[in-house]
Each structure stands twice: as C-alpha cells, then as structure tokens.
Amino acid sequence: MNNPTNQNFPYVPQSPLVRLGRSFIATLKAAPQKAASRATGVFHSAAAKVRGFFKSFADGDAATKASYLIMGLGHLRRGQIARGVIYLLLQVLFILYMVTFGGRFLGMFFENFFTGGNVGRVETHISGEWDPELGEYVKIAGDNSFHIVLYGILTVFVVLFFVLTYLRSVRESYALEQAAIIGRRPDGIRKDIALLSDSKFHVTLLSLPMVGLFFFTIIPLATMILIAFTSYDANHEVPEHLFQWVGFQNFGDMLSGGSSLGATFRRVLIWTLTWAFFSTFTNYFIGMLLALLINKKGIRLKKLYRTLFVATIAVPQFVSLLILSKMLDTGGGTLGSGGGIITQLIENVFGYHLQFGLDILTTRICIILVNLWIGVPYSMLLCSGILMNIPEDLYESARIDRTGPVRRFLKITLPYMLFVTGPYLITQFIGNLNNFNVIFLLSGGGPGDLSLYTNGAKGTDLLITWLYKLSLGADRNYKLASVIGILVFLISAILSLVVYNRSSAVKGEEHFQ
Amino acid sequence: MASLSLKHIYKVYDGTTKAVNDFNMEIRDKEFIVFVGPSGCGKSTTLRMIAGLEDISAGELRIDGDIVNDVEPGDRNIAMVFQNYALYPHMTVYENMAFALKTAKVPKDIIHQKVTEAARILGITEYLERKPKALSGGQRQRVALGRAIVRSPKVFLLDEPLSNLDAKLRAAMRAEITRLHERLGTTFIYVTHDQVEAMTMGSRIVVMRGGFVQQIDTPKNLYNHPANLFVAGFIGTPRMNFWPATLRREGNAVHVKLDSGSTLTIDYAILNHVQPRYMDGNHPVIVGVRPDNVIPWRAGMDPAEWARLPVTVTVVEALGGETLVYGHIGVAVPDHDPIGEAAESTQPANSGGKSEAGTPDRITSDTIIIKAPADYEAHRGDVVDAAVSLKKLHLFDRETEASIKPRIPTENVCLCTPEGNALSFAGQRFPLPPALCGVSSPPKRETAPAELSLPADAILLGTGMGRAKVEETELLDADGSPRTLYRLTVGGVTLFALETAPPRYGVGDAVPFDLDFSRIAVESHGIKPLRVENALEGRFTKEKETDDRGRRVYRFYLDMLDQPVSAEESLCEKLFSCKGTAIFRTPLSYRFPPDAVTVTPRQREPDKTALPGRVTRLLDYGRVTYAEIDVGGKTVIAPYDGKAGESRENAAVSLVIDQTKLTVVDREADIVIV
Amino acid sequence: MLTVLSVLWLIPLFYLLVQSFRGEPGAWSPTFFPRTWTLDNYRRLFTETDFPRWYGNTLLIAVVSCAITTLFVLAVSYAFSRIRFPARKPLMNVMLILGMFPGFMSMSAVYFLLKILLPNNYQSHVSLIIVYSAGAALSYYIAKGFFDTVPKSLDEAARMDGASRALVFRRIILPLSKPIIIYTVLINFIAPWCDYIFVSYILSGVPDTGMYTVSLGMFRWLEREMVQQYFTTFCAAAVVVAVPITLLFMWLQKYYVQGVTGGAVKG
C-alpha cells in the first residue's frame, strides 16, 4: 500500500479543500468506531481493576484487608511509614471535610439536580422578629445557590480524587504484601523523594501548575458550565434569592427559532462568523502581500520597514485601539459636529460624516479596516518567516519555465503558504471569534440596535463581548452568558478538530524528533 | 574490564509487537562487537537496552556478573556515542567532556587531567575552548568519543557513529575507532547498518533482522559461511549472486541445475557437508556465489575447480581497480529490461524497500555479477564466459532460507541398511537397541538402502564397536565453551562428530565410536529420534506454611499440571528478578530435556519435591533406558534405570527435575523467562 | 509604496504622540497638530493623577505573574515534551479542551473563589496575579513545540553521563531554550499591561482608584464623562506606557518572531 508504483489507481488530483474535507469526513466516520473500541478498552481495563480490587481483598492478609477500611495500614505494616501516615492523614482530612462541609453541599447540590427545582433549601427571608436596633425585621440569611453549585462541584471532584487515592492505596498495599512475599523491601520515603527529581520528575514539574489549573480553571469552568443549566440571572441574584435547576431550557431559548433571544443569538452569531472570516482572511492576504513587498529583492532597509510595522504590535492594544476609536469618533452624530480627527478629515475632504458608532454597517466596516492595522503586521511577520523557507529552486525552475510574477505567486507561493499555514489560519479564525479587544475597545459593541437591545447585545457585539456584558453589565444574565460560552466552545472545538485532523495526518508528534 | 551477558532479552511494544526476540549472547572483556542489520532490525533497540535508555521487557542483562536491568543509565558505568553526537551545544568542548565527571562530583584537578589526556589521545586539544557549532563533523565525532573516554567506562556503546560523515572521513574514523579500541582495551559494542564497517571493525558481528539474531560470528566466518540467505545477501558488496537451482548426485558428481538452464558439475567431496536429501534432483535450493569468486574464464582453467558459464553482458562498470560486469546467464537476450534489473539486483541489501527484508525478491533471476580485472574489455550484448569457483559455492534451502552447507555440520546423513535388529552403514554394523527393534521393520523386508540421519553430537567417540579415522579436528570456541568438531572417515564415508570438550584425538588416530540411538532417524523405516524436550504447562504459586521454628513463611512452588514442586531458591530469585510479583499471575510452560529428570520409584506419598508419575512404556536404547512417564495426563520422557523394581512398566515413580536445566516460558506472551 | 504604507501605519501612533503635547483642552481638536505645544499634560499626569501608582501596580503585577507563568509554562511543556508518563496524553487533551472555552467565561466563579480565599482583599493585586498565573499551564503549546525540536539524544547523552532528569532540565535543556524563555517572558510580561477584561472584573469595584492598573485607569479617562477633561492626559499616559514596552518588544523582536512562526507552523 505504501509503494506508489504498485498502485493501480490512476492519480486524481484534488483541490486541497476537497482533500481536507474528505479527510475530515473520514475522521468523523471513523470516530464512532474509534470511540467504541476505546470505550470497550476502557471498560475492560475498568472491569479488570474492579476484579483486582476484590481479588486482592480476598487474597490479602490481615494488614491488606485492614487497609481497605483504614488507608495506609498496609503501608505501615510493611515499613513504608511515611506513605502510610500520609494516606492515613488524607483519609482523616477527607472525613473531616465531608462531615463538616462537603457532605452538606453535596446533598443540596444533588437534591434537585435531576428533577429540577431550587438549588438550596432556604431562601433569604424576613423573620417575624423585630430588631429594635436596626429598626426593621430580622433578616434570616438563606442558602446561597451559587455557593452550592461551586462547593458541590468542588466536593464532587474531591470525592473523585479521594476514590482514586483510595484505590491506589489499596493497590499499593496489596503490591507491598506481594513484594514482601518474594522478599523485596519497599522503597523508603527518601527514595521516593529522590525519584521526584528523576524518573518521577514530571510530578515535580506538573503538580503546582495543575493545582493552579484545578482551582482557577477547572472548578470555575465546571461551575459556570453548570450555571447554563440553572436560572441564575438578575431576577435570581444570590444571596437574596435561590435559583433553580432548569435542565436544557436555556439552550432551548437560545437556539429556538421564534423567541427574540433566538433572533438576537442568530444575528450575533452571523456577525461573529462574518467578522472572523473577513478579519482572518484580509489580514492573512494583505500580510502576505506586505511580506512579499518587503522581502522582494532589491528593497533596502528591509529591517527598518519590518520594525516600523511591528511597532503596532508592540504598542499595547488598549492604547492603540482606544486612540483609534477616538480618531474615528463622531462627536455628536450629524455633519459638522466635529469629532475624531479621521471623521473630521473625511468630512472636510468628502463632505461625508462618518457614522462610526451610529450606523451598524459603517461601524462594522471600520472595525474590519482598523483590524487590518492591528493584524497585518502580525501576519506579515509570520509570512516572512515562512516565505524565506520556500526552496529557492522552486522559483528558479519557474523562471526557467518563463512564468510571470503573478503566476509564480498563484502557483508556487500561495499554495505553499496555504499548505504550511493551514492550521494557523484555522487557529487564527478561532482567535478572531474570540477577539474581545478589537470590538470592545473600538466600538464597545455599539451602536445599539432596538431589536437586539432587550437581550443586552448591540450591533457589533461578538458572542464573546455579549458574554462579557451579560456577566458584568447592567442586566446580569449569568445563565445566558454560560450558554454562550458553551456554544463558543462547541464552535471552537469543531474547528480545532479540523486542525487536529489535518496536522496529525501530516506528521506525528514523534516523527519530529 | 567488563563482560556482558544477555539472556533471553526481549523488547515488546504495546504488549504485542516484539522488536527484539530472545537475544542471547555472552560478550567477553575487550571484544569489539558489531550489531549490524537493516533499519528496524532491533539492533539499536538492543543497544539502547544495554545503555538503559529503553526498558528491557524481559530477560536478564548482566554487566560483570551484576544484573543491571533496573539500574539507571548513569549508574551502569557505560558510555555511549550517539549518531548525531549529541554534544551539548551551549558548552565548550572541554565542558562537554567534563560534564559526566562534574555530575559525579569528581575533583576539578582530576577532571582537568582526564579531559586533557583524552583530548590529547584524540588530537582535539586545540579545540577545547570551542563550542561544538564551530567544529567540523569529524571533530565533533572526536569530541563525542572523548566525552565517552574520560569516564573510563566499562563498556563503550556506539550507535551508528559514522553515518553522518562523508565517505572519506568515515574510512579514517573507522581506523581511528579500531585503534582506540586497541588502546583502551574496553569492551566496545557498535551498531551500524553498514556491513563494511561491521566487517572491518568487529571482532564478532551480530547480524539481525526483524528482531531476530540471524548469526553471531567472526567477520571471516560470516563472509565464508553465512548461516542463511539473508546473511549471505547482506554481507559483502557487490551482493552475492543468487540463482535458484536443484541438485542431483550421480556417483561422485553433483549436478547443480540452475533454473535458468545451465548446469554446473561439482565433485561430491566439495559438498559432503550437504545432506543427501537435497541432492534428489528436485528439492529447490538457491546457489549463491560471491562476485569475487566469479571471474572471466581463461583458457586452461581446471574444470574441477571452475565451472564455465556463458553470460550475456548488460552493463559494465569500470571501477578503476577492477571492473564489474553485469549480465544474464545464457546467450539469449532476455526481453525484460536488463539494465534496471541488473542495477537493482546489485544494490546493497540494506537500500530499502523489499530487498531490505533480505529475501531477494528477484530470486528467480539469472543475473550475474563478474568481478574482472581492470583491463577487462566487454560491451553490452557481448557473450562472455564466466568462471565460477566451485569450491566457493553457498547453498541454501529455498523454503527455510537456511544454509544447507553450514560451517559446523550438525547432522550427518548417509545411506544405511536396517536389517531387523541391526543397522549397517559405512561398513559398520550396529545392533539396534530393543527400543528400536520393534519399529524398524520396513514396508518390504528388503535390505534396501535407506537414509540415516545422524546428528553430529550423537556420535560418541571413545567406546563402542564402530571404528573411525580422524581426518581433521577443529576447535570451536563460541561464547566461551570449547567444542571440537571431528571429521571422520568411516568405511569411506565422511562423518562429522561434535563434542563439547577440547580435542582429545589427533589427526590419523583410529577411534572407536558408538551411536546415541535415541537421536538417530531413519525416516523410511519409521525410526524417529526421541523427543528432546519435555514441556509441561503450569504456574508459579506460593503457599503460607509454618517452618520448623513455628514461624509463618511463604514457600514457592512450580505448579506443573497442578502438581506443586518446591522451587529452588536460585530459580525463585531469577524468576522474581525478571517478572517481580507478576510471576504469580503468568501462565507458564516448563521445558526441560530428558537428562534433567531423575526418576526414582515412588515409595511414599508425593511430598512436593518430586512429580508423581506412572511409567507407561520403557524405551531401551542400549546405553540408556528411557521411560515414557505419564504425569497428570501428559507424557514425560526421562532416563530410567529400572534397577529398583521388577515390574518396571506401570510402576509408580517420582520425578525430580534438575531446576538448573529448566526453561521457563511465559505462555501468554511467548517469552522465555529463564 | 512601502513608504506610503509605513507612514499610514505610523499615523495613529504619531497622532497619539503629538496630542500628548497639546495645550488646548477637550477631547478632539480639529487639527492633526496641536496649536499650542506644552509639557503640561505630563506634569499633570505625574503630579495630579494616580497614574504613577497605577504604573507601579502594573509593573509589580507584570513582574510577579510573568515569573510564575514562565516557570509554569516551561515546567509543563518540558514534562509533556520529554517525559512519557501514563497520564500524559489525557492531560494534554484535557488542557486542549479547557483552552477552547472563552477565558473569562469562568470569571464570575473565579471571583467567588477569590472571595473565599482572600476574604479581606479579594479585589487586589494578589488576585490578579493568581488569575494571570493559575491558567498559565494551558499555553504550554508553543514551548512544547520548541522542546520537541531539541534532539532527544541530548537528554539521553546527559542521562548516560549520570545526570538525573532534573539536572538534565536545568543544565542541558534550559540553557538551550533561551529563545523560548525570552518569548514566554516577553508575552507574559506584556499581557498584564494590555489586559483590560480581568482587571475590570476584579478591580472595578474597589473604592480606592489608586489600586487600578494602567489599562483600567486609562480606560476610565476615556469614558464619556471624563474624556473632555482627560483626553490629552490619556495620550501622555499612553506614551509613557507604550514607549518602554515598545522598546522592549523591538529589542526582543527576534525571539517573538521565532515564537509565533514556530507556533503557527506547527499548528
């Protein structure tokens, strides 16, 4: 199969897009089977682990059996004192955590999780008792639904970790017993610590970053994903009110055809995709042209030019974008009302008052143009790096074939660039879907649009800026923000799958070594 | 100062793919061992396992007698030179060479002394302050060697160290490394895919393919006596000519009929190693002859030594010192493209694609390469005569690809006449032992000649009624155990005998000999050799018991067919060191030769030191009597001298197995553990 | 052509610069160049506003979070690139997936967590540093790509030389990773200067505006109520912020280009 000369199939040239599409479809087709075989693999190994769990209990001696109940006893019995003590401590801590704290939240978390209903039991309410000092009725603090979700999910993870630790301690203590049988002494804590700088060095390297990731990315993210399945918004603000589990209702609202929310979502989505498409490709092609211009033979001061353009990357975006937004500002709205320097210039030269921030279409076009200013130098840098790597003999052979510069670009440069930077383009597209800065700092999402207004979005809002406004703005709507976040994730994930599919087809990680 | 021992070394990926299979080798101190083979043959993997950079999936690696399977690479006292040199780019040459010593916290002045000494040896003193980037390929190579030298390691590992150099430099470095080896007197293990490097540098060469060792031998023996088609094709350039053929013996002449039509006739004396069954005129074989041994025919050449073959020339390569003539055997011009084919068939076997697997896929070809003197003139289309050296022919079985004319003949095949209770061959008559009397009745009771196969080590010199004359003795010394090969003439027939002892007879001695009848075979008469290996399935188990002083201790048992047999401590240690506690979960197969078993009449109840069995049949081979013993439904064959009881058949016996002769196999993964 | 383009590209920055010297007040001036030139805006910036404090705050946050982030990124990417451990593939996949969620989707939960962890000063610089550093591991990708190109045989040679993995990392790999270290430092040092989202989330409620970072404080100046009064001050502040960063960036440009090119081509 690898021998091309033995193939009887005639070679059919395909466009790269068709090829990409086909390989993507092939991946999708293969996915269920792959997933199934993987799932059975996981199932089998899990089943084997479960069997091992019971078998080692039956087989083990008293110390091993005891360590099923009290973690670390097996280790203590076989002389791994430090490890045993650590396991024991972990168990004690876990029990303390569950009794004093986790258990309560876990209970409230799951109480109505599957059936729908309040998150928490007691809403904050006024009791019948009069507080003479404050001069009002005593307020009784109720449950905080948000805390319940947060601590609930935290406790779920804690339980999960504990179970894994428990299984591990049981496995270890059985292995220790077995090792003792064949006369092997267990490694002491010194050896364990020494290994942390050698064969277990990854533990040293990864533990702190993973702790950070767990507490400040995984737990919050899991919480906010769950919020998408609740009714948490301005009307159910904690801690005054409880919110409810509502299942997929928010998704239904967001994606439904009829509701005003659905219409808003569709408009914002379409603009987001349009924006990502235009901003990615205009930047890419103009950046490439600029790179070609600078890299052309005979141009002097290449380095200076490159540096000049790079200046726009170097200046913090909030500075450059804010100043541009002020340069484009209309001042008041109508002709002759002054405003930013560019607006004034256009008005003086063309007699046209730029409707930046007033008219949706104008604003959108302006944003895409300004984004060129921001993004072209970046893709110029990238393209020059790659352009220099195009083998010179490709051009030489083209020159021998008397190919003109335009054809040379179309037939050699462009295909090469597209091939090499294909994954980058898609990554960039995903980046632009989430390009908060350009929109927020330039137009702030404006101008307003009546049909969008009720749902907190404006004319040039992307999903991501809408999300920001929903979670911070005046009409807080956390549940919708979470739904948008999840939908953005889905779009990104599908696009990333394309990249992954392609780059893994081109080269395996190991081949690079 | 270091010997290495590799026993049953395996490398298994993903639990299924075996990159290295049952690698066994004893490497003596100061040897220069070369692992050679096409890419993917497992040579580098083996080297990296020795280095400790790859885990050893199964087996035992010892350096100077210590098991080092689980020793970190840095603690094995081994140095390695990498293919891309792996010099630390940010350090100077001096720092590169000093790194290992610094890591080991050697005092600074000693580091300085060692590094400058190594630099002097390698002639890189003037570069010590440079960074690797500023060095040429050859200089980098020297630094890499120097980095290894300063540590005074026990073993030097070199992983294709010359493959990044150009051809000229490579030749120079080759010589330099050889000199270095002599100077340092350290054990070297060198991996390469280049057979020229292997041949010029190695004191012994290990040829590998597909994870299997093909042959371990000296360069000379590899060249002159390749063990199989792959080794023959891999070693030597231009590659050996291979022609499919059949052999037919007529009296003292053997006709080698090539599939392409020509016939070579050879004196039988040259082919007396070859087993007669290949000479029946239709057993497919492959004839191999190196281009060195194919020269242009000259008038007056001795036809007993040289065969004359007409060749149609397709390509002539004048190399300056010699001329290579490519062509086809025969005078007809073939209709396929001769140039491409000739070119293809002369590629070194390691050049990729199918030919990499070693089996020449053009085995049906009739292409020939002639090594002619430099002034030889020939042109495309000419028909020239080639002279093929008949003494230098190699012969291979076309099915198994193994050489049928091995250097060390392991089996004699000669004609014999079974006569009921006796066996005559080569003018000797041996009474058949009782075990063979019954079976040796031929279909017709004629005294027709039959083919006797007689393993070389089944000829027992020193006693017996046979008389042989020693023609030649050769001491074979592979892996440190001396063996002697005797060439004998017995009544005009040549026989080879192998003994695991130094030579004890001289040339011309008349020696009595006997036969080990348990090993002989006369296929046409139903005489088969006794099975040489017993195999019993089982597990390895533990029991908790109370010892004499009342303590609870674990005892370990070889559980053969659910019959526990106490495991000896040394065996337990080996098993534990190889498999750890997983040994209790692994299905095993215990294999042992009949000699490993001692059979005694069973007196009491079985006591976990011996296997209980019941004799089902006695096999009297004269010198030794064997018994077929039923053990839990399986038959075990063991020597049995029935002195003890009258009714020997059906007797209840106990079998004690010598556990040092036991082979333990992981039945699931098919891996030899001990 | 190129000259025209580069002038076009520099106009906004130049505008910013000249406006910072504008003497007349107000948000917009009808002319590109100011009518009166003055250094008053700078004087005002440093004497009458909280800007010096904001600058110090940002610098502190940038240095600390940059140090932590760089350590995390290097550690994670080296582990993923070089060490084969059972959890490696799953971890990498999980991190890939986590990276696809919009970063500040989880902000409100992070905010609550910070409230619990630092009940007294959750609206603080410490919170910001935590937020910037904690998720650092997610951006291991480019550095891993770099480590992947460092030949593995260097690690192996060092291990044969008796070095532990930690020593290999410290003595062999890190000295070779200068480009990627500089890239990581650069990116993470600049990030806090440019970030608005997280700062606005965490610090916008704080009563003392002196706690602000430059981006938050300067953004406030451009809000409708303040823009007339503060526009020229904003320009001056922008110059003070942008000049050092731009110079730093220009200085280390080479490494930045190596980083983005390597990352993009690897996909």
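**Entry 1: a glutamate in chain C**

I started with Glu156(C), which counts as buried because it has 20 C-beta neighbours inside 10 Å (buried means 20 or more other C-beta atoms within 10 Å, exposed 12 or fewer, partly exposed in between, with C-beta atoms placed from the backbone). I am working on a predicted model, where local features need pLDDT of at least 70, side-chain atom pairs count only at pLDDT 80 or more, and totals for chains, interfaces and linings use all residues. Residues are numbered from 1 along each chain as its sequence is written, and chains are lettered from A and ligands numbered from 1 in the order in which they are written.

I found Glu156(C) in helix H8 (residues 152–160) of chain C; helices (H or I, at least four residues) and strands (E, at least two) are DSSP runs numbered from the N terminus. Setting aside neighbours within four places in sequence, I see Glu156(C) in contact with Leu53(B) and Ala86(B) (contact means C-beta atoms, placed from the backbone, within 7 Å).

**Entry 2: the core**

Next I looked up the largest nonpolar core, which has 361 residues (a set of buried Ala, Val, Leu, Ile, Met, Phe, Trp, Tyr and Cys residues joined through C-beta atoms within 7 Å). Helix H3 (residues 51–82) of chain C gives this core its largest share, 15 residues. Val388(B) is among the members that touch the most others. Beyond four places in sequence, I list Leu264(B), Val289(B), Asn293(B), Val294(B), Trp306(B), Ala307(B) and Leu309(B) as touching Val388(B).

How do H7(A) and H6(C) lie to each other? Their axes come within 9 Å and cross at roughly 110° (axes are lines fitted to C-alpha atoms, for helices over the stretch in contact, and angles run from 0 to 180 degrees between N-to-C directions). H7(A) and H6(C) are therefore roughly perpendicular, a label for 65 to 115 degrees. I noted Phe215(A) and Phe216(A) among the H7(A) residues that meet H6(C), where Ile130(C) and Val131(C) are among the partners.

**Entry 3: a sheet in chain B**

Last, I traced an open sheet of six strands in chain B, ordered E6-E7-E8-E3-E9-E10 with mixed pairing (strands pair if DSSP finds at least two bridges between them). Strands E6 (78–81) and E10 (212–217) are the edges, each pairing on one side only. The twist averages 15° from one strand to the next. I found five bridges joining E9(B) to E10(B), which run antiparallel, and Arg209(B) stands opposite Phe212(B).

Terms used:
Contact = placed C-beta atoms within 7 Å. Parallel < 35°, antiparallel > 145°, perpendicular 65-115°, else oblique.
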